[in-house]
Amino acid sequence: MVAVACSVMLVIACGNDVESRGEPAGGLAEIATNLDVPWGIAFLPDGSALIAERDSAAIKHLAAGVVRDVGSVAGVAARGEGGLLGLATAGATVYAYLTTGEDNRVVQMRFDDGTLSAQSPILTGIPAGSRHDGGRIVFGPDGKLYVATGEVGDPQLAQDRASLGGKILRINPDGSVPAGNPDPASPVWSYGHRNIQGLAWDSAGRLWATEYGANRVDELNLIRPGVNYGWPMAEGRAGTEGLEDPVIEWGTDEASPSGLAYFGGSLWVAALRGERLFQIPVAGDGSVGAPVPLFVGQYGRLRTVVPAPDGTLWFSTSNRDGRGSARAGDDRILQFRP
């Protein structure tokens with residue numbers, strides 16, 4: 001058993017099996033319930049949050065414990081894993097990643113006086129499909145917007161440097177290509193990815209990403225610009241020259257890692273199929289400790305995890321996404337203080 005300072009490890013009997021499960025020392029609270037596949041969560045300057053619902057295309061505002069509709073994103077074609085996905089904010093400017101009938105794209109809006117303005121696209125032409133749509137968007141410490149995409153079930157797109165599928169993209173807030181990208185004419189930052197739904201920076205400015213595997217293993221990768229992360233030539237650690245191996249790999253039954261956050265010296269991974277939240281301690285040199293599973297099976301599929309401005313960690317369930325078993329109150333957002 002791995003001990004982590006901010007967790008108390010319990011042993012739970014499950015039939016004839018015994019498994020380790022962590023419980024947060026600081027307690028847990030529900031802060032939103034009865035949501036429809038909450039996917040993106042982003043905070044505004046006043047500490048309130050915007051929430052994107054994948055299938056309804058609605059954006060909701062959570063403030064002082066009250067959730068209300070503030071608008072919807074036009075043109076969303078919700079099918080399979082696609083729909084209204086990631087959200088990011090820069091002041092009152094809101095960015096959303098969505099699936100349309102033609103592509104995945106990033107659009108820009110304003111949230112002023114409690115309402116959303118009309119949207120305008122800043123990045124289009126990302127391959128779209130009913131699976132492997134990626135969708136996480138996060139601002140980096142450099143002020144650039146990083147966009148995680150999938151290969152939509154066409155593995156060769158991940159190796160095609162001319163395609164935006166199966167990549168991490170780096171763009172300016174207006175959608176243009178920043179100076180310093182590996183190819184000055186391309187938004188591609190890294191490639192060879194199957195389906196990324198988690199991006200986070202640690203306190204040293206290192207970029208990490210969670211990635212779904214196919215049949216054997218899922219991955220946590222340390223991202224460097226211009227590097228090939230191997231899909232479809234490799235799944236997990238291959239030791240192949242020219243391909244970057246993951247830092248951590250899990251069996252697909254215990255993970256299907258989606259959202260990723262850095263908080264309190266650890267990476268936190270929301271797992272869908274694994275129905276748990278992983279805590280992964282990160283040392284100053286970038287080495288990582290063994291993943292500690294929390295809340296195993298308690299809340300079902302977990303999609304998104306984000307650090308909140310008030311010093312708590314939020315995570316959301318995804319039991320109404322067509323692959324989970326919805327419970328009373330699903331989907332929900334939970335808050336705890338590690």
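A pocket is an open set of grid points with protein on both sides within 12 Å along at least five of seven lines, and its lining residues have an atom within 4 Å of a point. In the predicted model described here, the second largest pocket is lined by 21 residues, and those nearest its centre are Glu81, Tyr212, Ser256, Arg301 and Arg323. This second largest pocket holds about 390 Å³ of space, and its lining divides by class into three nonpolar, eight polar and 10 charged residues.

Confidence in the prediction was considered next. The pLDDT averages 92 over the chain, and 92% of the residues score at least 70. Over residues 1-25, however, the pLDDT is below 50, although this stretch has 52 contacts in the model beyond near neighbours in sequence.

The largest pocket contains about 530 Å³ of space. Its lining is made up of 24 residues, and Ile41, Val138, Phe139, Val306 and Pro307 are those that lie nearest the centre. Two or more lining residues come from each of the strands β4 (38-43), β8 (84-90), β13 (137-139), β17 (196-201), β21 and β25 (302-307). Strand β17 gives the most to this lining, with five residues. When the lining of the largest pocket is sorted by class, 17 residues are nonpolar, six are polar and one is charged.

Strand β17 is largely enclosed by the rest of the structure, because six of its six residues are buried. It runs antiparallel to strand β18 (residues 207-211), to which five bridges join it, and within this pairing Gly198 stands opposite Thr210 of β18. The two strands form a hairpin with five residues between them, where Gly205 takes a positive phi near 85 degrees.

Strand β21 (residues 257-263) is likewise mostly covered, with seven of its seven residues buried. The pairing of β21 with strand β22 (residues 266-271) is antiparallel and extends over five bridges, and Phe263 is placed opposite Ser266 in β22. Here the hairpin has two residues between the strands, and Gly264 in the turn has a positive phi of about 60 degrees.

Within β21 lies Gly259, which has a relative accessible area of 1% and therefore counts as buried, the cut-off being under 20%. Leaving out residues up to four places away in sequence, Gly259 touches Arg136, Gln197, Gly198, Trp268, Val269, Ala270, Arg303, Thr304 and Val305. The C-alpha atom of Gly259 is separated by 16 Å from that of Phe336, a residue 77 positions away along the chain.

Leu123 belongs to strand β12 (residues 120-126), and because its relative accessibility is 10%, it too counts as buried. Apart from neighbours within four places in sequence, Leu123 is in contact with Arg105, Val106, Leu164, Leu169 and Ile171. Between the C-alpha atoms of Leu123 and Gly274, which are 151 residues apart along the chain, the separation is 32 Å.

The structure also holds one cavity of 30 Å³ or more. The volume of the largest cavity is about 50 Å³, and the residues lining it are Gly192, Arg194, Glu211, Tyr212, Gly213, Glu219, Tyr229, Trp231, Ala234 and Glu235. By class, this lining has four nonpolar, two polar and four charged residues.

Several features of the backbone complete the description. Trp231, which is among the residues lining the largest cavity, is joined to Pro232 by a cis peptide bond with omega near 5 degrees, and Pro232 is located in the loop between β19 (217-223) and β20 (248-251). A cis peptide bond is also found between Asp330 and Asp331, with omega about -10 degrees; Asp331 lies in the loop between β26 (313-317) and β27 (333-336).

A positive phi in a residue other than glycine is found at His132, where the value is near 55 degrees. His132 is situated in the loop between β12 and β13, and because its relative accessibility is 7%, it counts as buried. Glu275, also a residue other than glycine, has a positive phi near 50 degrees and is found in the loop between β22 and β23 (276-281). With a relative accessible area of 26%, Glu275 is partly exposed.

Note on methods
Residues are numbered from 1 along each chain as its sequence is written. This is a predicted model: local features need pLDDT of at least 70, side-chain atom pairs count only at pLDDT 80 or more; totals for chains, interfaces and linings use all residues. Side-chain values use heavy atoms; hydrogens and water are left out. Buried means under 20% relative accessible area, exposed over 50%, partly exposed in between (1.4 Å probe, protein chains only). Helices (H or I, at least four residues) and strands (E, at least two) are DSSP runs, numbered from the N terminus. Two strands pair if DSSP finds at least two bridges between them. On a 1 Å grid over the protein atoms alone, a cavity is a set of points where a 1.4 Å probe fits but cannot get out, and a pocket is an open set with protein on both sides within 12 Å along at least five of seven lines; lining residues have an atom within 4 Å of a point. Grid points are joined across faces, edges and corners, and a volume is the space filled by probe spheres set on the points. Ala, Val, Leu, Ile, Met, Phe, Trp, Tyr, Cys and Pro count as nonpolar, Asp, Glu, Lys and Arg as charged, and the others, Gly among them, as polar. pLDDT is the predictor's confidence in each residue, from 0 to 100. Contact means heavy atoms within 4.5 Å.
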